[in-house]
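This briefing goes through one protein structure, topic by topic. Please keep the sequence and the 3D view at hand while reading.

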Amino acid sequence: DGVINEEVGQLSRLEDFRMYDFVPKAIKKINDAGFLVIVITNQPMIAKGFMTEKDLQKIHEKMQAEIVKYGAKIDGIYYCPHHPEKGFEGEVPELKIICNCRKPEIGMIQKAVKDFNIDLASSFFIGDSTTDAKAAENAGIKFIGVKTGYGLKDGRYKLKKKFLMHKNLLEAVNSILQ
(Lines give C-alpha, C1' and ligand atoms only; values in the text may rest on other atoms or scores of the structure.)
Protein backbone atom coordinates (compact mmCIF):
# COMPACT_ATOMS: atom_id res chain seq x y z
CA ASP A 1 0.00 0.00 0.00
CA GLY A 2 1.47 3.31 -1.10
CA VAL A 3 4.13 1.74 -3.32
CA ILE A 4 2.19 -0.58 -5.65
CA ASN A 5 -1.32 0.67 -4.99
CA GLU A 6 -2.91 3.83 -3.71
CA GLU A 7 -2.89 4.23 0.06
CA VAL A 8 -6.55 4.20 1.03
CA GLY A 9 -6.17 4.08 4.80
CA GLN A 10 -6.13 0.39 5.66
CA LEU A 11 -7.12 -1.37 2.44
CA SER A 12 -9.57 -4.15 3.22
CA ARG A 13 -11.95 -4.33 0.25
CA LEU A 14 -11.18 -5.60 -3.24
CA GLU A 15 -13.11 -2.74 -4.83
CA ASP A 16 -10.80 -0.22 -3.09
CA PHE A 17 -7.63 -1.68 -4.63
CA ARG A 18 -6.24 0.76 -7.20
CA MET A 19 -2.81 -0.01 -8.58
CA TYR A 20 -0.71 2.92 -9.74
CA ASP A 21 -0.51 2.94 -13.53
CA PHE A 22 3.33 2.93 -13.58
CA VAL A 23 3.64 -0.26 -11.50
CA PRO A 24 3.41 -2.92 -14.26
CA LYS A 25 6.15 -1.15 -16.25
CA ALA A 26 8.35 -0.90 -13.15
CA ILE A 27 7.89 -4.57 -12.28
CA LYS A 28 8.49 -5.63 -15.90
CA LYS A 29 11.77 -3.71 -15.88
CA ILE A 30 12.84 -5.54 -12.71
CA ASN A 31 11.85 -8.89 -14.26
CA ASP A 32 13.69 -8.13 -17.51
CA ALA A 33 16.84 -7.21 -15.59
CA GLY A 34 16.81 -10.67 -13.99
CA PHE A 35 15.89 -9.57 -10.47
CA LEU A 36 13.23 -11.09 -8.24
CA VAL A 37 10.19 -9.06 -7.24
CA ILE A 38 9.15 -9.84 -3.69
CA VAL A 39 6.32 -8.02 -1.89
CA ILE A 40 6.66 -7.71 1.90
CA THR A 41 3.50 -6.30 3.49
CA ASN A 42 1.88 -5.84 6.88
CA GLN A 43 -1.83 -6.65 6.73
CA PRO A 44 -3.19 -5.75 10.18
CA MET A 45 -6.74 -5.55 8.86
CA ILE A 46 -6.90 -9.34 9.13
CA ALA A 47 -6.13 -9.33 12.88
CA LYS A 48 -8.45 -6.37 13.38
CA GLY A 49 -11.27 -8.40 11.80
CA PHE A 50 -11.91 -5.99 8.93
CA MET A 51 -10.96 -8.58 6.29
CA THR A 52 -10.08 -12.26 6.04
CA GLU A 53 -7.03 -13.93 4.58
CA LYS A 54 -9.30 -15.01 1.70
CA ASP A 55 -10.16 -11.32 1.09
CA LEU A 56 -6.44 -10.50 0.99
CA GLN A 57 -5.83 -13.39 -1.40
CA LYS A 58 -8.44 -11.90 -3.77
CA ILE A 59 -6.68 -8.52 -3.65
CA HIS A 60 -3.34 -10.19 -4.39
CA GLU A 61 -4.90 -12.16 -7.26
CA LYS A 62 -6.27 -8.93 -8.74
CA MET A 63 -2.85 -7.28 -8.41
CA GLN A 64 -1.14 -10.24 -10.08
CA ALA A 65 -3.74 -10.36 -12.88
CA GLU A 66 -3.26 -6.66 -13.66
CA ILE A 67 0.52 -7.01 -13.70
CA VAL A 68 0.50 -10.17 -15.86
CA LYS A 69 -1.37 -8.25 -18.60
CA TYR A 70 1.91 -6.36 -19.15
CA GLY A 71 4.08 -9.48 -19.19
CA ALA A 72 5.33 -8.81 -15.66
CA LYS A 73 5.24 -10.96 -12.55
CA ILE A 74 5.69 -10.84 -8.81
CA ASP A 75 7.82 -13.77 -7.67
CA GLY A 76 6.63 -13.86 -4.06
CA ILE A 77 4.22 -12.16 -1.69
CA TYR A 78 4.77 -12.32 2.05
CA TYR A 79 2.29 -10.80 4.45
CA CYS A 80 1.94 -10.49 8.19
CA PRO A 81 -1.68 -10.84 9.41
CA HIS A 82 -0.82 -9.88 13.01
CA HIS A 83 -1.53 -6.71 14.94
CA PRO A 84 -0.69 -6.42 18.63
CA GLU A 85 -3.20 -3.74 19.67
CA LYS A 86 -6.52 -5.03 20.99
CA GLY A 87 -9.94 -3.41 21.11
CA PHE A 88 -11.35 -3.78 17.60
CA GLU A 89 -14.85 -5.16 17.20
CA GLY A 90 -14.59 -8.49 15.40
CA GLU A 91 -10.83 -8.82 15.95
CA VAL A 92 -9.20 -12.25 15.65
CA PRO A 93 -7.72 -13.01 19.11
CA GLU A 94 -5.12 -15.52 17.89
CA LEU A 95 -3.66 -12.88 15.55
CA LYS A 96 -3.40 -10.19 18.23
CA ILE A 97 0.23 -10.95 19.04
CA ILE A 98 3.66 -9.42 18.93
CA CYS A 99 5.41 -11.41 16.22
CA ASN A 100 8.72 -11.50 14.38
CA CYS A 101 7.16 -11.02 10.96
CA ARG A 102 5.42 -7.65 11.30
CA LYS A 103 7.63 -4.94 9.80
CA PRO A 104 9.92 -3.48 11.03
CA GLU A 105 10.78 -6.98 12.27
CA ILE A 106 12.41 -9.07 9.57
CA GLY A 107 10.65 -12.46 9.71
CA MET A 108 9.04 -12.06 6.28
CA ILE A 109 12.34 -10.95 4.78
CA GLN A 110 14.13 -13.94 6.32
CA LYS A 111 11.49 -16.29 4.90
CA ALA A 112 11.89 -14.79 1.41
CA VAL A 113 15.69 -15.08 1.69
CA LYS A 114 15.32 -18.76 2.57
CA ASP A 115 12.66 -19.51 -0.07
CA PHE A 116 14.45 -17.73 -2.93
CA ASN A 117 18.12 -17.88 -1.85
CA ILE A 118 18.30 -14.07 -1.88
CA ASP A 119 21.57 -12.20 -1.40
CA LEU A 120 20.60 -9.27 0.83
CA ALA A 121 23.82 -7.40 -0.03
CA SER A 122 22.64 -7.27 -3.66
CA SER A 123 19.04 -6.44 -2.80
CA PHE A 124 16.98 -3.28 -2.56
CA PHE A 125 13.92 -2.57 -0.44
CA ILE A 126 11.62 0.07 -1.90
CA GLY A 127 9.05 1.52 0.46
CA ASP A 128 6.95 4.51 1.43
CA SER A 129 7.05 4.41 5.24
CA THR A 130 9.53 4.62 8.09
CA THR A 131 8.34 1.11 8.96
CA ASP A 132 9.66 -0.07 5.59
CA ALA A 133 12.91 1.83 6.03
CA LYS A 134 13.41 0.43 9.54
CA ALA A 135 12.74 -3.12 8.30
CA ALA A 136 15.36 -2.66 5.58
CA GLU A 137 17.76 -1.21 8.14
CA ASN A 138 17.12 -4.14 10.50
CA ALA A 139 17.74 -6.64 7.68
CA GLY A 140 20.80 -4.87 6.27
CA ILE A 141 19.20 -4.13 2.88
CA LYS A 142 19.73 -0.96 0.86
CA PHE A 143 16.55 1.13 1.12
CA ILE A 144 15.03 3.54 -1.39
CA GLY A 145 12.01 5.62 -0.46
CA VAL A 146 9.16 6.68 -2.70
CA LYS A 147 7.07 9.84 -2.39
CA THR A 148 3.81 8.01 -3.11
CA GLY A 149 1.82 6.73 -0.14
CA TYR A 150 3.28 8.03 3.11
CA GLY A 151 6.42 9.38 1.43
CA LEU A 152 8.39 8.51 4.61
CA LYS A 153 6.45 11.19 6.51
CA ASP A 154 4.56 8.82 8.82
CA GLY A 155 6.99 9.47 11.71
CA ARG A 156 6.59 6.01 13.25
CA TYR A 157 10.30 5.21 13.52
CA LYS A 158 13.49 7.20 13.96
CA LEU A 159 15.92 6.28 11.22
CA LYS A 160 19.70 6.27 11.52
CA LYS A 161 20.21 8.01 8.19
CA LYS A 162 18.47 9.81 5.34
CA PHE A 163 17.51 7.74 2.34
CA LEU A 164 17.43 8.33 -1.37
CA MET A 165 13.88 9.33 -2.34
CA HIS A 166 12.20 8.99 -5.72
CA LYS A 167 8.86 10.16 -7.07
CA ASN A 168 7.49 6.61 -7.36
CA LEU A 169 8.31 2.94 -7.87
CA LEU A 170 9.17 3.38 -11.55
CA GLU A 171 11.71 6.13 -10.84
CA ALA A 172 13.19 4.05 -8.01
CA VAL A 173 13.55 1.06 -10.33
CA ASN A 174 15.13 3.21 -13.06
CA SER A 175 17.63 4.48 -10.49
CA ILE A 176 18.57 0.97 -9.39
CA LEU A 177 18.97 -0.29 -12.94
CA GLN A 178 21.27 2.58 -13.91
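The points below cover strands, cores, cysteines, aromatic rings and one threonine. The model is predicted.

**Strands 3 and 4**

- Strand 3 covers residues 124-127 and strand 4 covers residues 142-146.
- The two strands run parallel, and four bridges join them.
- Between the two strands, the chain passes through helix 5, residues 130-139.
- This β-α-β crossover from strand 3 to strand 4 is right-handed.

**Nonpolar cores**

- In soluble globular proteins, nonpolar side chains tend to be buried together.
- Here the largest nonpolar core has 31 residues.
- Within this core, the residues that touch the most other members are V23, I67, I126 and L169.
- Leaving aside residues up to four places away in sequence, I67 touches M19, V23, I27, A72, K73 and I74.
- There is also a second, separate core, made of 18 residues.
- I40, C99, A133 and F163 are included in that second core.

**Cysteines**

- How many disulfides does the model contain? The count is zero.
- For C80, the nearest cysteine sulfur is that of C101, 3.3 Å away.
- A disulfide needs the two sulfur atoms to be within 2.5 Å, and C80 is in no disulfide.
- C80 is buried, and its relative accessible area is 0%.
- C99 has its closest cysteine sulfur in C101 as well, at 3.4 Å, which is too far for a bond.
- C99 is buried too, with a relative accessible area of 16%.

**Aromatic rings**

- The model has four aromatic pairs.
- One of them is Y20 with F22, with ring centres 5.1 Å apart.
- The planes of Y20 and F22 are at 15°, so this pair counts as stacked.
- Both partners are buried: Y20 has a relative accessible area of 16%, and F22 has one of 14%.
- Another pair, F143 with F163, is edge-to-face, with 5.0 Å from centre to centre and 80° between the planes.
- What does the pair of F143 and F163 tie together? F143 lies in strand 4, while F163 lies in the loop between strand 4 and strand 5 (164-166), so the pair links parts that are 20 residues apart in sequence.
- F143 is buried at a relative accessible area of 6%, and F163 is buried at 17%.
- Ring pairs also bring F125 into a cluster with F143 and F163.

**T131 in helix 5**

- T131 is found in helix 5, the helix through which the chain crosses from strand 3 to strand 4.
- Is T131 buried or exposed? T131 is buried, with a relative accessible area of 9%.
- Not counting residues up to four places away in sequence, T131 touches N42, K103, P104, D154, R156 and Y157.

Notes. Residues numbered from 1 in each chain as written. Predicted model: local features only at pLDDT ≥ 70, side-chain atom pairs only at ≥ 80, totals over all residues. Heavy atoms only, no water. Pairing = 2+ DSSP bridges. Right-handed = clockwise from strand over helix to strand, strands pointing away. Core = buried A, V, L, I, M, F, W, Y, C linked by side-chain atoms within 4.5 Å. Buried < 20%, exposed > 50% of the residue type's maximum accessible area, 1.4 Å probe, protein only. Contact = heavy atoms within 4.5 Å. Phe/Tyr/Trp six-rings, centres within 6.5 Å; stacked < 30°, edge-to-face > 60°.
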